[in-house]
Amino acid sequence: MVVEAKLALPVSMHLRQWQGEEGSTQGLVDDCSLPGPLPGSAGSAGRNRCVDAAEACSADARCQQLRTRYVTRCLGRAVAGGCSRARCHHALRRFFSRGPPKLTLALLFCPCSEPACAERRRQTFVPSCAFSEPEAAPPCCLASVDLCERSPVCRPRLLAFQAACAPAPRSPDGCPRDQAPRCLHAYAGLVGTAVTPNYVDNTSARVAPWCDCGASGNRHEECEAFRGLFTRNRCLDGAIQAFGSKWPPILQAELDPQQNAGRSFQQVPSADRALEGSSLLATLTVLALQALL
C-alpha cells in the first residue's frame with residue numbers, strides 16, 4: 001500500500017529558497033574525496049559500481065575538489081573530538097548543488113549487488129557526522145520535520161522532494177511519466193538538511209531519515225506519513241532502481257583508457273541530460289500544489 005503523505009508545510013514558498021546559498025540545483029559536488037575502499041570491496045574489475053563512481057569523481061577536478069571538502073569537514077574534525085554537523089551539512093549541500101550531476105548522483109545511487117558495495121554506498125557522505133548520532137537513539141521524526149519547517153534551506157527542499165516523488169494513481173505504474181530524474185535530484189537536495197536521508201543497511205537499497213515515530217504520541221499517523229515519503233514510496237524506489245538499471249556508460253568509458261582517449265567527463269552526451277533535472281524548478285510550484293491537495 002502506497003501512502004501519499006500530506007505534510008503540514010507552507011505551500012507559498014519561494015523558489016529562490018530552493019537554490020539558496022548553494023546556487024544551482026544542477027551541480028551537486030563537494031571539494032573532497034571519499035574515504036578509501038572499505039575492507040573487502042573490489043575495484044572496477046570486480047564490478048563494484050560505487051568504487052567506479054568514486055574513481056570517476058576523482059578523475060574530475062571539480063568533483064574531486066568538492067568531495068575532498070565535504071570529507072574534510074565531515075570526517076577530519078571527528079579526530080579532534082567531534083565533527084561540526086553544521087559545517088559538514090553545508091559542505092554536502094555544496095557538493096550536491098555545484099558538482100557535476102552525473103558524477104554526484106552516481107556516488108549516491110550506485111547500484112550494488114553485494115554488501116561491500118552497499119556499505120560503501122551507505123558511507124558515501126560520512127553518516128557518523130552528517131546523518132546519525134553515534135551511540136544515541138534517533139530523535140522523533142516530528143522534531144526533525146519541525147526543524148526543517150523552520151529552516152529556509154530545508155523547508156523548500158522537503159516540499160520539492162514531496163512534490164517530485166509524489167505518486168500518480170492514474171498512471172500505469174502509479175508514478176508520473178519521466179518522474180525519476182526530478183525525484184532523484186530532489187532526494188539529493190535533502191542531503192545536508194535536518195531531514196537528511198540515507199540507506200538503512202548494506203543489504204538493500206531502502207532509505208530513510210535518521211528518526212522514528214516511537215515518541216510521536218497522538219501524532220503517530222502524521223509521523224508515519226512523513227517516514228512513508230521515504231520508506232513506502234514506490235516512485236522513489238522505482239527511480240533508484242531505474243538509475244541502477246541504466247548505469248551511466250560514461251563512467252565505464254572513462255575508466256577504460258582504450259575507449260577514453262582525449263575524452264572528458266564534461267562532454268556529457270545529450271541523451272543523458274535528463275539526469276540534470278533542470279525542469280524541477282519550473283514545475284515545482286504546480287507539483288507541490290498537486291501533492292498537498
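Let me begin at R122, which has a relative accessible area of 22% and is therefore partly exposed; buried means under 20% relative accessible area, exposed over 50%, and partly exposed in between, with a 1.4 Å probe and protein chains only. Before I continue, this is a predicted model, in which local features need pLDDT of at least 70 and side-chain atom pairs count only at pLDDT 80 or more, while totals for chains, interfaces and linings use all residues. Residues are numbered from 1 along each chain as its sequence is written, and side-chain values use heavy atoms, with hydrogens and water left out.

R122 forms a salt bridge with E119, at 2.8 Å from N to O; the term requires a side-chain nitrogen of Lys or Arg within 4 Å of a carboxyl oxygen of Asp or Glu. Both residues belong to helix α6 (residues 115–122) and sit three residues apart, about one turn of the helix. Helices here are DSSP runs of H or I with at least four residues, numbered from the N terminus. E119, at a relative accessible area of 17%, is buried.

In total there are six salt bridges. One of them pairs D201 with R206 at 2.5 Å, N to O, and D201 counts as buried at 17% relative accessibility. Another joins E222 to R219, with the closest N and O atoms 3.0 Å apart. In that pair E222 is partly exposed at 36%, and R219 is partly exposed at 40%.

I turn to the cysteines. How many disulfides does the structure hold? There are 10, a disulfide being a pair of cysteine sulfur atoms within 2.5 Å. C57 is bonded to C63, S to S 2.0 Å, and both of these cysteines are buried. The torsion about their S-S bond is about -105 degrees, so this disulfide is left-handed.

C112 and C117 are also joined, with sulfur atoms 2.1 Å apart. Their torsion is about -65 degrees, so that disulfide is left-handed. C112 is partly exposed at 25% relative accessible area, whereas C117 is buried at 2%.

The disulfide of C175 and C235 has its sulfur atoms 2.1 Å apart. This pair links distant parts of the chain, 60 residues apart: C175 lies in the loop between α9 and α10 (180–188), and C235 lies in helix α12 (residues 234–245). Both cysteines are buried. C140, by contrast, is in no disulfide, and the nearest cysteine sulfur, that of C223, is 4.5 Å away.

The largest nonpolar core has 59 residues, of which L92, F109, F161 and F226 touch the most other members. Such a core is a set of buried Ala, Val, Leu, Ile, Met, Phe, Trp, Tyr and Cys residues joined through side-chain atoms within 4.5 Å. Helix α5 (residues 101–109) gives the most to this core, with six residues. In helix α9 (residues 154–164), 11 of the 11 residues are buried, F161 among them.

Finally, which helix gives the most to the lining of the second largest pocket? That is α8, with three residues.

Methods
Helix = DSSP H or I, 4+ residues; strand = E, 2+ residues; numbered from the N terminus.
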